[in-house]
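Me: I would like to go through this structure and ask what lies behind the terms used for it. Please set each value against its definition.

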4 protein chains.
Amino acid sequence: MSTSNGVAHDINDLTLAAQGADMIDWADASMPVLATIRRRFEAERPLEGVRVGACLHVTTETANLARTLAAGGAEVAVCASNPLSTQDEVAAALVVDHDIPVFARNGEDNATYYAHIGAVLDAGPHITMDDGADLVSTIHSSREDLIADIIGGTEETTTGVIRLRAMQEAGVLRYPIMAVNEADTKHFFDNRYGTGQSTIDGIMRATNLLLAGKNFVVCGYGWCGRGLASRARGMGANVIVTEIDPTRALEASMDGFRVMRVAEAAEVGDVFVTVTGNKSVIDEPHFEKMKSGAILANSGHFDVEINIPALEGLSTSRREMRPMLEEFLMSDGRKIYLLGQGRLINLASAEGHPASVMDMSFANQALATEYMVKNARSLERKVYPVPREIDREIARLKLDSMGIQVDSLTGEQAAYLGAWQEGT
Amino acid sequence: MSTSNGVAHDINDLTLAAQGADMIDWADASMPVLATIRRRFEAERPLEGVRVGACLHVTTETANLARTLAAGGAEVAVCASNPLSTQDEVAAALVVDHDIPVFARNGEDNATYYAHIGAVLDAGPHITMDDGADLVSTIHSSREDLIADIIGGTEETTTGVIRLRAMQEAGVLRYPIMAVNEADTKHFFDNRYGTGQSTIDGIMRATNLLLAGKNFVVCGYGWCGRGLASRARGMGANVIVTEIDPTRALEASMDGFRVMRVAEAAEVGDVFVTVTGNKSVIDEPHFEKMKSGAILANSGHFDVEINIPALEGLSTSRREMRPMLEEFLMSDGRKIYLLGQGRLINLASAEGHPASVMDMSFANQALATEYMVKNARSLERKVYPVPREIDREIARLKLDSMGIQVDSLTGEQAAYLGAWQEGT
Amino acid sequence: MSTSNGVAHDINDLTLAAQGADMIDWADASMPVLATIRRRFEAERPLEGVRVGACLHVTTETANLARTLAAGGAEVAVCASNPLSTQDEVAAALVVDHDIPVFARNGEDNATYYAHIGAVLDAGPHITMDDGADLVSTIHSSREDLIADIIGGTEETTTGVIRLRAMQEAGVLRYPIMAVNEADTKHFFDNRYGTGQSTIDGIMRATNLLLAGKNFVVCGYGWCGRGLASRARGMGANVIVTEIDPTRALEASMDGFRVMRVAEAAEVGDVFVTVTGNKSVIDEPHFEKMKSGAILANSGHFDVEINIPALEGLSTSRREMRPMLEEFLMSDGRKIYLLGQGRLINLASAEGHPASVMDMSFANQALATEYMVKNARSLERKVYPVPREIDREIARLKLDSMGIQVDSLTGEQAAYLGAWQEGT
Amino acid sequence: MSTSNGVAHDINDLTLAAQGADMIDWADASMPVLATIRRRFEAERPLEGVRVGACLHVTTETANLARTLAAGGAEVAVCASNPLSTQDEVAAALVVDHDIPVFARNGEDNATYYAHIGAVLDAGPHITMDDGADLVSTIHSSREDLIADIIGGTEETTTGVIRLRAMQEAGVLRYPIMAVNEADTKHFFDNRYGTGQSTIDGIMRATNLLLAGKNFVVCGYGWCGRGLASRARGMGANVIVTEIDPTRALEASMDGFRVMRVAEAAEVGDVFVTVTGNKSVIDEPHFEKMKSGAILANSGHFDVEINIPALEGLSTSRREMRPMLEEFLMSDGRKIYLLGQGRLINLASAEGHPASVMDMSFANQALATEYMVKNARSLERKVYPVPREIDREIARLKLDSMGIQVDSLTGEQAAYLGAWQEGT
């Protein structure tokens, strides 16, 4: 840990700040909603004196969120929610240009990772901001002393929200949480449009493969799977969907995709992408049936969706042919290619969700924080949805930034709908 | 009312039965789920002795539902839920070939319409089956004597369910209802795929218009609007979406459509279709801005989505140029065309939802009836969703009929998901 | 043959004229290019005194062409190019409202058909206008006396142009022909957009089948096949393409379609449409493999693309279930459905190409006629393409009518392109 | 110039060979047609002793072509057709692993570039292989001594073919050329599918921009423009097309795109891509109307499609914000972003055409070379198309590699088509 100009930090290279500033600026150009909120925060200072501890991917988008919170008067400290996603340039720019303490080094080891969480917690946050519940878990397990000062926390991910709900149900959640993940303007957009595009992007960067004419297997037809299937078709691929849910399978079929079991898809697929949230979706029996040249990637949750140990077990060698692209030479001579070591391909080989998508997620973060501060007294130890008005307001601001106007109900229409929905 | 071979009926023409039989057969070819249920019903007879009063569109698909209920042992009587949708050939075939009492004449007047409802109720149904809550309304208002014998009812439409929920909340609903409309296998499929295709079909039959290159305005981006927008784009149209909900508007935009207010769309649109459930969505100020040649249709709920009186007010003449296509000559010389008198264009000018879609809706009807009969004692005076297992079973049967197999969770996967969702 | 108000005719029912007038008006609303030409023709009278003999489908679009020629000063006489496509209302309106002699009765027998051709020829045309080379064939075989007066002819179809080219090569073509079929603004648009949409339209009218989720087999990936494949996908179908040309097959694959041989497609297809120009594309071995319920249609040239006699040979009964939909009961119990008796499904069960497409085809007819009259002296006994300027002018007029403006080369750009293309 | 193991070369770094070998292997996995040809060449040695001088982009795909020619017995020497596209790893691997002389350094200056061309020519090629006519130009202008030994040349690009045709017409072309560019399996596929995908890829890598919902302006609707428009729509963008040709504009419109002039598009576009082959397509008046944040890229021919000097003239500063992304700050405060300095974005920021596309282009190169050697005596000093059989054979091999089979004409069908096309 060091200090620069009075700002505590532990980052890789302060001299990258200028480069980081350009990168943050570029993201800012696609984050008009957050910019609008920032301008209002500057004027209204709704977070004056509020200490925010944020454990998020240290990226250009997070930098713009941190700037926004600071503009509202908050004292923000940032650590990384993943050791590999930190952009060192951004970390430097936050410290140098924005006087925001950052504790994050790309490639940091496990000990450093937790030390950095500790550093953020040492500031005594009023608000915790999580991407995977690391802050809230640490506080509940070993820093319970901090709880008295905490107003609440926000959570960005599905995984985190599931854990927090489980804590609530077990009666052990000790402060209120807003499930930012569940805002319509968050999950509708980052899952479908963000994951859809960035997965294609990641695959193209890793392989430079022509997608047109390829049998492209999408395992899972949830929101991510739908986005991905649509984009893969948009690139000319022939998309095959696998599912365990019959209703979703039927939708995929009526959306014009072929639907089959993974075992059948394994025989015809050229590219396979898992987006299920489950494990071993592509497994040993499937590897055995694949064509030589098959390419595997994961864009779901963890690197267990493809059973990599099983793949290794069937292979006689493994070599990296290009960054993020490994060849497994099977004992029967076939070659199977794995992208990004089975980790999220849009992060491993591309840049994650585009800023335009994070704009809405992080607008939810900013407004949820403001809401918690304003309503500190009335909030209970529960997981709350983001209030509907905040969600709609963000959609409206986004549309504004795109120059799009929508209609409002006339008085007569509102009356008609009201009457009708009341059944009279 | 007459009797033929001991079957009571009031229909237009018994001699159409043979033709009706062919039509019913053809629909049956696209209703494999209902056929599967029918075969089981024949074996198990779960509706033995149950009197079912059905107020539905008297179409080939309804005929296949009625046959299925009868195969299960039910005594079915049918009247029309709309005076214009009755297929007289089908009515005849039901009476002649299936011994099912039918009270429905295409084009019947209001008095006959209600007399027919009365005729069905006179049979003293145990189960009411509604498409717009007409049976349940009549019973609650003027045939309360029947309630003692009633096990429950089903409701096919959004409108009906809204009314019934209002009745439940007002504490006046006197028997249990299953909201068939809300089954995933019903509304996901008939709204998106059924309305989507059949609206395009209706417009093409009414106009023979080339859709490629046309500015095609879809008012409303609910499930129907999404289906329609997708199909219109699939025909080469350039689709514009109007909305009042900012989140939906944003989705439409990210789905690649132009989004604007009706007032702006009015200036550029070639074809306008309302699918909102609201009234006067296209109104006087919009008519005033439209290009000469603009074509208007409704595929939402009622014929009030387009303000037809206002259109008439602005016009100096109205003539039918082709069936279901009227020209309004505006006082400034422009011509605006209205399809199907503003009524649902997919019914007015095409054949409504294809049988393949109704297969699932009516499978829900059949299985919901069976469920109510089996669980008659435990049901309360509430609006119930169709049980999730029924819904999924129907999806599974549909996939089977399409030759599609889906995966099942392995034990290991189920354990993983369970653990994960519990946050451990 | 009779006379009405001095106009010779042989049509089914003069009293249909008012209805025909409405229909012609409606088509006119989608034929702005022809209308523009008509207005110019009225002012300039470029066809003053020219006798035009037209053997075309007697439809609303042809009526608007005939009106346009007449507006230019021509004396037009019309007979049918197909006994089944005549719209009797249109025939009546042409006689009554436009004083144009028409010799066409829907359903006319062969003898009448040729008598009608004779009636048109009796007028001694200066210009022949053919849709399948019937006039030009008759003249060359049995009315050579007329040739001295003939300036030239136009031909609308691929088939006709092939025949005429063969005549030219054999040295027997005795007057100049303009191959309207080959204008870009004709074949690009009617094949892709016209056939694409109207084939889908025809299938929906004949079957009311839900296309979403169906395996839709398109035999042939020429311009018609591309249009159809694109539209079928747009309706949610899963499209399979069959081809004999490897380059086209590769394109289909890269366009995201599955490509296989008819024999393989036969096993999985739900709907099959031939658009090849060849014969027995779907044949006995294919029928034997098809799933029960398979639906067959042709949208290519003649009713030989599907081997119907072979289908009959395999079946034990044939019945019409709906108009244009026949069931063949196979001896093994499977049912195969044939649409429109294997004739062009977009004509048999829908209304052929939309007026908006015919607008450009017939604008080519009108301007080609004008061109031939103007250049009568310099034309040789050859098949000519429509001059490029006419073709481009029609595209420009169409764009104008759609309110679309395109860029023009700046002087600098023209110089750059010129220099570059000259390789300097 | 140096020598390694007896192989002459001038490259940046021999130690990169191992890395280059992996990269070449990876491309090889997507080049099955070339691999099939290579296996045959190894057996048949059709190029034994033939000296081939190749001036191509020194990439993994070119390496696989060079290996194939060498396998056929040729003595190949390679220089770069562009100073910036050389992959130094590939150059090293060619020298070290394949004993092929390479004269190419990434970033080489103009003098070196021409020295490298000279080095290849010094080997006295029998066949020249060009990507832009550099070898053939140099030979005709200053190395006429070589012409006596030359059998012929091949040309990969449109630009080159235009120049060579101009030379032929001027009567100055002194040896035969095969226009590989014009093979169907070359230009159909690399323009539509290659440029389409790789342009999207380049834009995403340069910007990480969410394309969904963006107004994406495609200037030019030739094959490249079509491919790009289709892919951009596939990513959820709202595509606007600009054109100078009215027929193409009409096609774009019927394909569902908005069509307008560049001047109008300038006001609404978010992203602009030129694919015209022309100059100053986006020019000063357009920059003046653009929204702040507009992004410009070129995927056409040269970096003159966007008038960059004019853009600079309107701006007060220019800074690189990310690699290949520059911000121009306009004097009125707007920001306009230029990608890849206006050079081909798919090369500047992505990896050019995917190997799968180059597979077919380079199969044409290999087979055209074999053809010229075999037919050396009969070829004249002309630009020849690739023979149709070669083109079709390549399509067939590609389909084979994809596991796709197509139909063949039966004898009966061939007879039918023959008869029909002869008009009998």
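Reply: Chain B and chain D bury about 890 Å² between them, with 53% of it on carbon and sulfur atoms. This is a predicted model in which local features need pLDDT of at least 70 and side-chain atom pairs count only at pLDDT 80 or more, while totals for chains, interfaces and linings use all residues. Residues are numbered from 1 along each chain as its sequence is written, chains are lettered from A and ligands numbered from 1 in the order in which they are written, and side-chain values use heavy atoms, with hydrogens and water left out.

Me: What makes an area "buried" between chain B and chain D?

Reply: Buried area is the accessible area (1.4 Å probe) that two parts lose on being put together, summed over both. For chain B and chain D that loss is about 890 Å². B:Asn238, B:Met254 and B:Arg258 supply 45% of the area that chain B buries against chain D, more than any other three residues.

Me: How many residues of chain B are in contact with chain D, and what counts as contact?

Reply: Contact means heavy atoms within 4.5 Å. By that rule 13 residues of chain B are in contact with 13 residues of chain D.

Me: How many salt bridges and polar contacts does the rule find between chain B and chain D?

Reply: The rule finds zero salt bridges there, but three residue pairs in polar contact, both residues being at pLDDT 80 or more. A polar contact is a pair of N or O atoms within 3.5 Å; within protein, one must be able to donate a hydrogen and the other to accept it, and residues adjacent in sequence count only if both atoms are side-chain atoms.

Me: Which helix of chain B gives the largest share of the side that touches chain A?

Reply: Helix 10 of chain B does, with seven residues. Helices (H or I, at least four residues) and strands (E, at least two) are DSSP runs, numbered from the N terminus. The contact takes 59 residues from chain B and 59 residues from chain A, and the area buried between these chains is about 5400 Å², of which carbon and sulfur atoms give 61%.

Me: Why are strand 11 and strand 14 of chain B said to stand at the edges?

Reply: The open sheet of chain B has eight strands in the order 11-10-9-12-13-16-15-14, with mixed pairing. Strand 11 (258–259) and strand 14 (315–322) each have a single partner strand, so one side of each is left without a neighbour in the sheet.

Me: What joins strand 12 and strand 13 of chain C?

Reply: Strand 12 (residues 271–274) and strand 13 (residues 295–298) of chain C pair in the parallel sense over four bridges. C:Val271 stands opposite C:Ile295 in strand 13 of chain C.

Definitions and conventions
Two strands pair if DSSP finds at least two bridges between them. A salt bridge is a side-chain nitrogen of Lys or Arg within 4 Å of a carboxyl oxygen of Asp or Glu.
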